[in-house]
Amino acid sequence: MLKEGASAIYGSDAVSGVANFLTRADFEGFEVSAAHEYFPGAGDTNAGAIWGGKLGDAHAVISAEWRGRQKLPASERDYLLQPWHGSGQRLGWSSLGNPGTFAIGAPAPWTAAIHAPRCEEFGGYRESWTCRFRYQQYENLIEDMSHTRAFAEINGSLDNGTDYHVEGLWAEARIDDWYTTPSYPPFPLTDTSIQEVAPDHPGRLAFCEDYGAVPNDPYYEACQGGENWYFNGRPFGNSGPGRTLDRDSRTWRVAASANGDFKAFGGRDAHFDLGLSYSRTEGNYNLPGVYIERLFLGFRGFGGPNCGVGVEADRTSLAGMRLGSLSGQVAG
């Protein structure tokens, strides 16, 4: 391994260093290997095989390997799932959770905030204006993954003394159930007008019927006013469950080279060294997010397919959008 720049030898792409893999080009025979490494909560498994021998006048080597990793959830390591210790220790905790915080009136500041109930019941931590959300349990230290690789090469010489080399590589890596949090908070975080709840919102009416209908209820005063509420939080949170997504990548590469000596013009001794390679990598990398326009509709009492209203851009609005026509046609 060359840790410094090596562009003079390996090309301009090697300015940060090079890892040079030397293959077992002269291997003879057949060899298999297998191993399993266990550690509390998970483990790694490797299996491989290699064959080498004559292929006509050339020498060939074919090898393949599979590696599997078992997932290691964060819950397997108690040092990760720490309780909330205050503002000085925030490992795995977010101020944006669900149940979330509602501000009464103007979107900011959050001086007149009320909390949705059952924060602690769902595993959150109630702190002044917010319900803290611990997301660490929705992550894995190691994902359940598999790696498959195959490699072959042929080396030989032609009758005129030219040496040649041909090789091919194929590799695939898969994570079928990448584990992540129930949801991410919407962006921009400071613009809570996206999550605006009007007095006639069906969810607000149901909430006030349960928690603010009579003077002794904890949210009676908030429910009697006619101001909008503004929600600060994420669509899903402390109640879970976490989401699983798939990720995979595939790489294949072919390369060939030839070198030899020949007589140049005037009988001069000359040498040539030619090489050609081609590689391709493709994959799928799912990264969950939040559809802001759907939140905008949901917090105004609309939701689901064909709900009868769309969203239109509106630069004059704090949210950057407005409800479209109620004619049943979704705005483009």
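Start with Ala 103, whose bridge partner in strand E14 is Tyr 230. Strands, labelled E and at least two residues long, and helices, labelled H or I and at least four, are DSSP runs numbered from the N terminus. Before going on, the sources: this is a predicted model, in which local features need pLDDT of at least 70 and side-chain atom pairs count only at pLDDT 80 or more, while totals for chains, interfaces and linings use all residues. Residues are numbered from 1 along each chain as its sequence is written, and side-chain values use heavy atoms, with hydrogens and water left out.

The pLDDT is the predictor's confidence in each residue, from 0 to 100. Its mean for the protein is 85, and 91% of the residues reach 70 or more. Over residues 328-332 it is below 50, and that stretch has six contacts in the model beyond near neighbours in sequence; a contact means heavy atoms within 4.5 Å.

Back to E14, residues 229-232. Strand E6, residues 101-104, pairs with E14 in the antiparallel sense over four bridges; pairing requires that DSSP finds at least two bridges between two strands. Strand E13, residues 196-197, is also antiparallel to E14, with two bridges, and here Glu 196 stands opposite Tyr 230. Which way do the side chains of E14 point? Trp 229 and Phe 231 point one way, Tyr 230 and Asn 232 the other, and all are buried. Buried means under 20% relative accessible area, exposed over 50%, and partly exposed in between, with a 1.4 Å probe and protein chains only. In a regular strand the side chains alternate between the two faces of the sheet.

In the loop between strand E5 (93-94) and E6 lies Pro 99. The peptide bond from Asn 98 to Pro 99 is cis, with omega near 10 degrees.

Now the disulfides, defined as pairs of cysteine sulfur atoms within 2.5 Å. By this rule there are two. In the pair Cys 119 and Cys 131 the sulfur atoms are 2.0 Å apart. The torsion about that S-S bond is about 90 degrees, so the Cys 119 to Cys 131 disulfide is right-handed. Cys 119 is buried at 0% relative accessible area, and Cys 131 is buried at 2%.

For Cys 208 and Cys 223 the sulfur distance is 2.2 Å. Their S-S torsion is about -85 degrees, so this disulfide is left-handed. It links Cys 208 in helix H2 (residues 202-211) to Cys 223 in helix H3 (residues 220-224), 15 residues apart. Both Cys 208 and Cys 223 are buried.
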